[in-house]
Amino acid sequence: MFGALQTAHSGVRVARIWMDATSDNIANVNTVRSTADPAFQARYVVAQAIEGRTNGVGSGARVAAIRYGSAEGRLASWPDHPLADANGLVRMPDVDMSTEMTNLIMSQRSYQANLQVVRTAREAYQSALQLGRK
Amino acid sequence: MPDITMNALHSALSGLATRQRMYAKNIANVDTPGYVAGRVQFEEALSGAIRRFDKAGNRTYAGPTHSSALDRVQGPNQRAGFQAAVGRVKAATTHSAQGTRMNGANVNLDDEVIGQEQTTLAYQTVLQAMDGKFRLLRTSITG
């Protein structure tokens, strides 16, 4: 019952996880590691369509996997950092701030769009319910 | 007076009300450390109860033939028992399988609010079905 609501709900969930991942990436943009350790790896959400419903219509999206960014990161010279190695190098994450900000806006819009579908679907179902009232 | 439809609708309404209360509780505890969101299930138990009732109605007696008179007595009684059971389906509470945050809580406000919307719609639908039942009854009384 209420298929459109469930579909929109799945979209909200994907957008929320996408926002969570993006905010985590942005939060760790300055996370410094020693060169002996892997860099902080950015998280990218892989969304997948949920197939297999009647009428040939799918039933939303889900997070199929989380992909990781480069563990290599990039080396930066920071000699007085406590984690710096003998050559004065530290490992910085390879997070592209402009990509993350774009993702943040897209995930926010996706979240809002799916919530709008929830609102519209609710109104549609409610008017169907009104039919039965006298 | 109460028939199987009324009983089923009654169980559905009380199950949905329990679910709505659970959503409210989850939202109230959205920032409570260690709080795991609760989920309410009753649909399977309800459809199981209705299935048992249906089976009891169509059941043919498999025992010795001489006790068929006894079965005729037992049959409707059992059926009434199954019918009453349809009206007394208890909602079961489970926990959300979502991952927890750093404070051990896992309530997602959007899940709860959308769940509330869905439950409200389902509640209205069931209520409308019940209203139809009562309207029928009223018509048969007043003519």
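**Entry 1: helices H1 and H2 of chain A**

I began with H1(A) and helix H2 of chain A, residues 97-131, in this predicted model. Their axes come within 8 Å and cross at roughly 160°. Angles over 145 degrees count as roughly antiparallel, so I wrote down H1(A) and H2(A) as roughly antiparallel to each other. I noted the crossing of H1(A) with H2(A) as left-handed. I then sorted the residues of this contact by class: 18 are nonpolar, nine polar and two charged.

**Entry 2: helices H1 and H4 of chain B**

Next I looked up H1(B), residues 4-28, and H4(B), residues 109-142. The two axes come within 9 Å, and I have the crossing angle as roughly 160°. That angle makes H1(B) roughly antiparallel to H4(B). H1(B) and H4(B) cross in the left-handed sense. In their contact I listed 18 nonpolar residues, eight polar ones and three charged ones.

**Entry 3: the largest pocket**

I turned to empty space. Rolling a probe the size of a water molecule over the atoms shows where such space is left. For the largest pocket I recorded about 660 Å³.

Which residues lie nearest the centre of the largest pocket? I found Gln6(A), Arg19(B), Tyr23(B), Glu43(B) and Gln118(B), out of 28 lining residues. By class, I have the lining as eleven nonpolar, twelve polar and five charged residues.

Which of the elements gives the most to the lining? H4(B) does, with seven residues.

**Entry 4: confidence**

Last, I checked how far the prediction can be read. The predictor gives the complex an ipTM of 0.80 and a pTM of 0.82. For chain B I noted an average pLDDT of 86, with 84% of the residues scoring at least 70.

Where in chain B is confidence lowest, and where is it highest? The lowest is in helix H3(B), residues 68-86, at a mean of 68, and the highest is in S1(B), at 96. Where pLDDT is low, the predicted coordinates should not be read in detail. I left H3(B), with its mean of 68, at that.

Note on methods:
Residues numbered from 1 in each chain as written. Chains lettered and ligands numbered in written order. Predicted model: local features only at pLDDT ≥ 70, side-chain atom pairs only at ≥ 80, totals over all residues. Heavy atoms only, no water. Axes fitted to C-alpha atoms, helices over the stretch in contact; angles between N-to-C directions. Helix = DSSP H or I, 4+ residues; strand = E, 2+ residues; numbered from the N terminus. Parallel < 35°, antiparallel > 145°, perpendicular 65-115°, else oblique. Left-handed = near helix turned anticlockwise from the far one by under 90°. Nonpolar A, V, L, I, M, F, W, Y, C, P; charged D, E, K, R; others polar. 1 Å grid on protein atoms, 1.4 Å probe; cavity = no way out; pocket = protein on both sides within 12 Å on 5 of 7 lines; lining within 4 Å. Points joined across faces, edges and corners; volume = space filled by probe spheres on them. pLDDT = per-residue confidence, 0-100.
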